[in-house]
Amino acid sequence: MMLKNKFISMVLVLMLILQSCTVYQKTAVTLDEAAASSRKTLITKTDGAKLKVKRVEKIDGTFYGIAKVEGKTEKITLVENEIKTVRVLNKTATTFGNI
């Protein structure tokens, strides 16, 4: 009985650890391409700060990053001059990375 509980506990811990892996594409894309993909996006600003957003939206010519901040979904205005790179989630690598 004790061995079975330990095994189940270890399987659950491994599943939780592996679920949090996210792999982004190595090549940068434009904000238009990121908005069209509707995937998680990693944005590196010119000051070196990194911003992870659920998706990028384009509304009336302005780009917004949809991010979860303190449990609430917020729209963050993205200024193209302040952005160094935009990398979109690589679904295939993320799936294989989790396995």
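I take a contact to mean heavy atoms within 4.5 Å. The model I am reading is a predicted one.

**Entry 1: overall layout**

I began with the secondary structure and counted 3 helices and 6 strands in the protein. Followed along the sequence, these elements give the pattern α-α-β-β-β-β-β-β-α. I then looked up burial: of the 99 residues, 22% count as buried.

**Entry 2**

I next traced an open sheet of 3 strands, whose order is E3-E4-E5 and whose pairing is antiparallel. Its edge strands are E3, residues 55-59, and E5, residues 72-78, as each of them pairs on one side only. On average, neighbouring strands in this sheet are turned by 35° against each other, with direction ignored.

I then examined how strand E4, residues 62-69, is joined to E5: the two run antiparallel and 7 bridges link them. Which residue of E5 is the bridge partner of Gly 65? I found Ile 76 in that position.

**Entry 3: Thr 44**

I turned to strand E1, which spans residues 41-45 and holds Thr 44. Is Thr 44 buried or exposed? Its relative accessibility is 13%, and the cut-off for buried is under 20%, so Thr 44 counts as buried. Leaving out residues up to four places away in sequence, I listed what Thr 44 touches: Ala 49, Lys 50, Ile 83, Lys 84 and Thr 85.

**Entry 4: positive phi in two loops**

I looked up backbone angles at two loop residues. Ser 38 has a phi near 55°, a positive value in a residue other than glycine. I located Ser 38 in the loop that runs between helix H2, residues 31-37, and strand E1.

Asp 60 likewise is a residue other than glycine with a positive phi, near 55°. Where is the place of Asp 60? I found Asp 60 in the loop between E3 and E4. I checked its accessibility as well: the relative value is 78%, and exposed means over 50%, so Asp 60 counts as exposed.

Conventions: Residues numbered from 1 in each chain as written. Predicted model: local features only at pLDDT ≥ 70, side-chain atom pairs only at ≥ 80, totals over all residues. Heavy atoms only, no water. Pairing = 2+ DSSP bridges. Helix = DSSP H or I, 4+ residues; strand = E, 2+ residues; numbered from the N terminus. Axes fitted to C-alpha atoms, helices over the stretch in contact; angles between N-to-C directions. Buried < 20%, exposed > 50% of the residue type's maximum accessible area, 1.4 Å probe, protein only.
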